[in-house]
Amino acid sequence: MALSTSSVYPMGVAEGFSIAEDLGYDGMEVMVTHRGDSQQASTLNELSWRFGLPVMAIHAPTLLLTQQVWGSAWDKLKRSAALAQEVGAGVVVAHPPFRWQVGYAEGFAEGISKLEEETGVVFAVENMYPWRAGGREATMYLPHWDPVDQPYPHVTWDFSHAATAEADSLEAVTALGQRLRHVHLTDGWSNGFKDDHLIPGQGEQRVAEAMDLLARPDFAETGFNGVVAVEVATRTARNVGDRERWLAESLAFARKHLGQE
């Protein structure tokens, strides 16, 4: 079980490692942001050694808010793969292209496969959601926000994004099978526009059922071969200990439904 550093925002990477160690997590997913501590292998390796937690995944800076990090779209992925190699992480999480990224979106699936072959790093493309306003839906991602029917070798499934998209996570996880290599454990409500990132079990997604499925040794014939990372929003924490309590509750949920208690 990994903790995503995005779960401790606006605190930094070191604080994420510290909290993860205190709560008993097994490793970390590092979200690359504008902060230097999220971009430097030497810093991450030092934190990994100090807290005894491996970096299990790197989240590439492919969010709308990190468009200025690490240059062009392909450079973001290449540098994320290099960082993953330097810290010993086997997975890079990437969002699908935005529609305005001409020259990148058209060859995205082929480029992802090529990068996997060249680097030996798994690129797990994350499910997103349509953007809605005034009853209308805007096409923000190409070829689509839903990776299930796209030719990506590997996929990340995020339960909060699924809620916003009004998608069924249990059906998606079942359909993905061996292509599912990374999970963002969280929850949300099907409100059509807000990305909640709630504690798992506090929304309406079939998170427990999906996690129970992953725990089965016969899942996709060979069992789940990937990382589950808690990605819960804690920036609204107001009282002392709230953040830690929410992340501990999320870890307990994961352990229960993955049969790790």
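Modeller: Eight strands close into a barrel, ordered β1-β2-β3-β4-β5-β8-β9-β10, with parallel pairing. Neighbouring strands of this sheet are turned by 25° against each other on average, direction ignored. Strands pair if DSSP finds at least two bridges between them; strands (E, at least two residues) and helices (H or I, at least four) are DSSP runs numbered from the N terminus. This is a predicted model: local features need pLDDT of at least 70, side-chain atom pairs count only at pLDDT 80 or more, and totals for chains, interfaces and linings use all residues. Residues are numbered from 1 along each chain as its sequence is written, and side-chain values use heavy atoms, leaving out hydrogens and water.

Biologist: Which residue stands opposite methionine 31 in β3?

Modeller: Strands β2 and β3 run parallel, joined by four bridges. Methionine 28 stands opposite valine 55 in β3. For methionine 31, the residue opposite is histidine 59.

Biologist: What handedness does the β-α-β crossover from β3 through α3 to β4 have?

Modeller: Strands β3 and β4 pair in the parallel sense over three bridges. Alanine 57 has valine 91 as its bridge partner in β4. A crossover counts as right-handed if, with the strands pointing away from the viewer, the path from the first strand over the helix to the second runs clockwise. The chain's crossover from β3 through α3 to β4 is right-handed.

Biologist: What angle does the direction of α3 make with that of β3?

Modeller: Helix α3 packs on the sheet and touches β3, β4 (91-94) and β5 (122-126). Axes are lines fitted to C-alpha atoms, for helices over the stretch in contact, and angles run from 0 to 180 degrees between N-to-C directions. Contact means heavy atoms within 4.5 Å. The angle between α3 and β3 is about 170°.

Biologist: Why do the buried residues of α2 lie on the same side?

Modeller: In α2 (residues 41-51), Ala41, Leu44, Leu47, Ser48 and Phe51 are buried, meaning under 20% relative accessible area, with exposed over 50% and partly exposed in between (1.4 Å probe, protein chains only). Ser42 and Trp49, on the other side of α2, are exposed.

Biologist: What covers the buried residues of α2?

Modeller: Helix α2 sits in a right-handed β-α-β unit with β2 and β3. Just after α2, glycine 52 takes a positive phi of about 70°. The cover over the buried residues includes α1 (13-23), β2 (27-31), β3 (55-59) and α3.

Biologist: Which residues have the most contacts inside the largest nonpolar core?

Modeller: A nonpolar core is a set of buried Ala, Val, Leu, Ile, Met, Phe, Trp, Tyr and Cys residues joined through side-chain atoms within 4.5 Å. The largest has 77 residues, and those with the most contacts inside it are Ile58 and Leu185.

Biologist: How many of the six residues of β9 are buried?

Modeller: Strand β9 (residues 180-185) runs parallel to β8 (residues 154-158), joined by four bridges. Four bridges also join β9 to β10 (residues 227-230), again in parallel. The strand is largely enclosed by the rest of the structure, because the buried count is six of the six.
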